[in-house]
Amino acid sequence: MTSAAPRADLLAEAFVTLADTLVDDFDVFELLHNLSKSCVELLGVMAAGILLDDQRGHLTVVASSSEEMRLLELLQLQNDEGPCLECVRTSRGVIAGDVASQARRWPVFAPAALSVGVKSVAALPLRLRTVTIGALNLARDVEGDLPVEDQRLAQALADVATIGILQQRSAHRSARLAEQLQHALNSRVVIEQAKGILAERRGVSMDAAFDELRRHARNSNTKLGDYARIVVRGDLETLTP
């Protein structure tokens with residue numbers, strides 16, 4: 001179990017990372033990816049994923065810490081079932097300490113989650129007061145409810161991200177925000193395409209391809225979505241394994 005001091009250090013680092021992301025014209029995708037990554041590092045969960053409302057009444061997968069988690073999130077959307085969807089609809093946390101016992105509740109999601117080693121889940125709302133804009137899904141490879149302390153920490157991180165997104169919405173209002181969020185969603189599509197290209201050319205996993213993509217984007221001081229477009233266009237000469 002993580003000792004108190006290192007855990008406190010990780011928590012402080014997580015909040016600093018999220019805060020650093022919240023600058024003018026910040027990248028929503030980068031913000032939420034940092035949130036999912038921080039949850040995995042801080043809470044020791046197997047994986048984390050995030051669904052976000054696109055302001056047109058649809059939920060979209062915008063961040064995930066692994067390819068398996070991304071596919072599970074997509075599965076929820078495609079079949080209209082799962083912890084994240086319940087979380088968004090109720091604006092309350094959904095905790096399932098034994099996924100195997102939830103087959104009636106989630107007949108598609110439960111067996112799919114079990115097939116990739118997920119034994120328990122916790123979905124927490126991206127919510128501020130009465131406004132819910134998405135959900136954070138945490139997957140574990142052990143049975144049992146996510147400890148209450150860990151639920152609170154994850155919710156606190158989610159709250160920081162939610163406040164940042166809603167503040168930006170308030171500042172820019174409908175037209176500008178819709179454009180930014182649409183850009184973030186479009187970027188996600190291009191990023192997935194770039195991941196596939198790199199995975200095929202390098203002969204590596206989708207997760208390894210994503211890590212490489214992020215590394216090159218950061219090294220070139222380029223937004224992840226913009227760098228993914230470079231890869232998709234075929235300008236790969238600057239990419240080295």
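The questions and answers below concern a predicted model of one protein chain.

Trainee: How many helices and strands does the protein chain have?
Mentor: From the N terminus on, the elements run α-α-β-β-α-α-β-α-β-β-α-α-α. Counted by type, that gives eight helices and five strands.

Trainee: What percentage of the residues in the protein chain are buried?
Mentor: A residue is called buried when its relative accessible area is under 20%. The chain has 241 residues, and the buried share of them is 48%.

Trainee: What share of the accessible surface of the protein chain belongs to carbon and sulfur atoms?
Mentor: The accessible surface comes to about 11,600 Å². Of this area, the part belonging to carbon and sulfur atoms is 51%.

Trainee: Which residues of helix 4 are buried?
Mentor: Helix 4 covers residues 83-90. After the helix comes Ser 91, with a positive phi near 60 degrees. Within helix 4, the buried residues are Pro 83, Cys 84, Leu 85, Cys 87 and Val 88.

Trainee: Is Val 131 buried, partly exposed or exposed?
Mentor: Val 131 lies in strand 5, which spans residues 131-140. Buried means under 20% relative accessible area and exposed means over 50%. Because its relative accessible area is 37%, Val 131 is partly exposed.

Trainee: Which residues is Val 131 in contact with, leaving aside its neighbours within four places in sequence?
Mentor: Thr 162 is 31 residues away from Val 131 along the chain, and their C-alpha atoms are separated by 9.6 Å. Contact, by contrast, requires heavy atoms within 4.5 Å. With those sequence neighbours set aside, the contacts of Val 131 are Leu 126 and Leu 166.

Note on methods
Residues are numbered from 1 along each chain as its sequence is written. This is a predicted model: local features need pLDDT of at least 70, side-chain atom pairs count only at pLDDT 80 or more; totals for chains, interfaces and linings use all residues. Side-chain values use heavy atoms; hydrogens and water are left out. Helices (H or I, at least four residues) and strands (E, at least two) are DSSP runs, numbered from the N terminus. Buried means under 20% relative accessible area, exposed over 50%, partly exposed in between (1.4 Å probe, protein chains only). Accessible areas come from the Shrake-Rupley method with a 1.4 Å probe; for residues, only the protein chains shown count as cover.
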